[in-house]
Amino acid sequence: MGAFDDLLAANEEFSATFTDSELTGRAARGLAVVTCMDSRIDPLGLFGLKAGDAKILRNAGARVTDDVLRTLVLAVYLLGVNRVLVMPHTDCGMSKATDDDVHRLAAEHGVDTRSLEFHTVPDQSAALLHDLTRIRTSPFLPAGLPIGGAVYDVRTGKITPIEV
Ligand SMILES: [Zn+2]
């Protein structure tokens with residue numbers, strides 16, 4: 001039994017009825033969403049989107065890292081993105097732990113992670129403001145690109161737009 005056998009079996013079924021072969025890599029709805037890796041978030045489903053509609057950028061905490069910026073620049077100039085929504089969520093693990101907590105947990109496994117920055121989130125509003133500002137002030141993105149912020153509630157499925 002391989003670690004991925006269940007997935008391979010499920011994909012046999014999926015590919016048997018696959019109908020998206022005409023899609024291109026451009027975002028049909030012009031949207032990029034930066035959100036968390038949290039497994040409760042269905043970023044396409046919660047907006048009524050489908051494959052082909054949007055670029056979904058996910059990491060721990062929905063943080064705007066250097067690599068998220070790099071990806072947004074490519075998404076805008078190559079892949080049809082013309083609006084960006086940054087969407088952290090309630091009950092995020094990244095707001096419950098500090099970088100030091102993670103270093104300590106890793107140390108219990110004999111692993112030294114102190115050279116990594118985890119971008120944990122002690123204050124979600126402040127982090128979102130910081131991350132939105134980081135996109136807005138990027139010299140590599142066009143002026144006037146709509147940038148929005150919203151928080152997804154994992155208990156209700158609702159998003160609350162954040163005005164900053
Ligand atoms: Zn999260």
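Which residues does UniProt list for "binding site" in its unreviewed entry? The record names Cys36, Asp38, His89 and Cys92, in the numbering used here; such annotations may be inferred rather than shown by experiment. Although these residues are spread over 57 residues of sequence, they cluster in space, with a largest C-alpha distance of 8.6 Å. The structure is a predicted model, in which local features need pLDDT of at least 70, side-chain atom pairs count only at pLDDT 80 or more, and totals for chains, interfaces and linings use all residues. Residues are numbered from 1 along each chain as its sequence is written, and side-chain values use heavy atoms, with hydrogens and water left out.

The protein has four helices and five strands, taken from DSSP runs (helices are H or I of at least four residues, strands E of at least two) and numbered from the N terminus. The elements follow the order α-β-β-α-β-α-α-β-β from the N terminus on. Along the principal axes, the C-alpha atoms fill a box of roughly 50 × 45 × 30 Å. Of the 164 residues, 34% are buried (under 20% relative accessible area; exposed is over 50% and partly exposed lies in between, with a 1.4 Å probe and protein chains only).

Back at the listed site, His89 sits in the loop between E3 and helix H3 (99-108) and is buried, at 0% relative accessibility. Leaving aside neighbours within four places in sequence, the contacts of His89 (heavy atoms within 4.5 Å) include Cys36, Asp38, Tyr152 and Val154. Cys92 lies in the loop between E3 and H3 as well, and is buried at 5% relative accessible area. With neighbours within four places again set aside, Cys92 is in contact with Cys36, Gly61 and Gln124.

The interior also holds nonpolar cores, each a set of buried Ala, Val, Leu, Ile, Met, Phe, Trp, Tyr and Cys residues joined through side-chain atoms within 4.5 Å. In the largest core, of 19 residues, the members that touch the most others are Val34, Leu72, Val81, Val84, Val86 and Ile135. At least two residues each come from strand E1 (31-36), helix H2 (66-78), strand E3 (83-87) and helix H4 (124-136), and H2 gives the most, with five. A second, separate core has 16 residues, among them Val33, Ile41, Leu49 and Ala54.

Charged pairs come next. Side chains of opposite charge can pair when their charged atoms come close. The whole structure contains ten salt bridges (a side-chain nitrogen of Lys or Arg within 4 Å of a carboxyl oxygen of Asp or Glu). One of them joins Asp131 and Arg63 at 2.7 Å, N to O. Asp131 lies in helix H4 and Arg63 in the loop between strand E2 (54-59) and H2, so this pair ties together parts that are 68 residues apart in sequence. Asp131 is buried at 2% relative accessibility, and Arg63 is buried at 10%. A salt bridge also links Arg70 and Asp67, at 2.6 Å, N to O; both residues lie in helix H2, three residues apart, about one turn of the helix. Arg70 is partly exposed at 47%, and Asp67 is partly exposed at 41%.
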